[in-house]
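Below are some notes on one strand, its pairing partners and a helix. Please read them against the model.

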Amino acid sequence: DVLFVIDSPNMQQEVVSLFLKFLKDAGFDSTKVCLTYVNRCPVKRKFTNQEIFNCSPYLHTEIQLLNPKLIVTLGSLPAYTLFGSEIKIKEYRGNINWLGYWPIITTYSPAYALKAGQSVSDHLLSDIKTAHTFVNKEEKIS
């Protein structure tokens, strides 16, 4: 139902734990979510524009094949990849924005939430709960 997009598969265990906790707190179970990445290569540096460009067709194809009810971008890189580099997360965060056929919620990454503190963590959890509510309303309408 919901496709979460993060920048890369390189995630520390505490980031994974926080993300899983927030999914459970919002009411999701593993049958309703999928996690994917903008970049497929686990590098420990900032991705180059060429690497992002090279990997973006995989993301777009995956979105078309999965046909999620909602996409949640976790962090700036996934948001930039789908909406363009002019996007400001603070302006889009927590709202449903449409990209063609797909509704998208843009929010902070779990890694940033761990670094930035409780306020950002609260926003991330709130946005994941918004995603859960949106998808459940969609299911009831069908």
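1. Strand β5 is largely enclosed by the rest of the structure, because six of its six residues are buried. Buried here means under 20% relative accessible area, with a 1.4 Å probe and protein chains only. Strands are DSSP runs of E with at least two residues, and helices are runs of H or I with at least four, numbered from the N terminus. This is a predicted model, in which local features need pLDDT of at least 70, side-chain atom pairs count only at pLDDT 80 or more, and totals for chains, interfaces and linings use all residues. Residues are numbered from 1 along each chain as its sequence is written, and side-chain values use heavy atoms, without hydrogens and water.

2. Both faces of β5 are covered: Trp 102, Ile 104 and Thr 106 point one way, Pro 103, Ile 105 and Thr 107 point the other way, and all are buried.

3. On pairing (at least two DSSP bridges between two strands), β5 runs parallel to β3, joined by four bridges. Ile 105 of β5 is the bridge partner of Val 72.

4. β4 and β5 are antiparallel, also with four bridges. Trp 102 in β5 is the bridge partner of Leu 99. Two residues separate these strands in a hairpin, and Gly 100 in the turn has a positive phi of about 60 degrees.

5. Helix α3 (residues 76-83) has Leu 77, Pro 78, Ala 79, Thr 81 and Leu 82 buried. Among the elements covering these residues are β5 (102-107), β3 (70-74), β4 (96-99) and α2 (49-66). Just after α3, Gly 84 has a positive phi of about 105 degrees.

Methods
Buried means under 20% relative accessible area, exposed over 50%, partly exposed in between (1.4 Å probe, protein chains only). Contact means heavy atoms within 4.5 Å.
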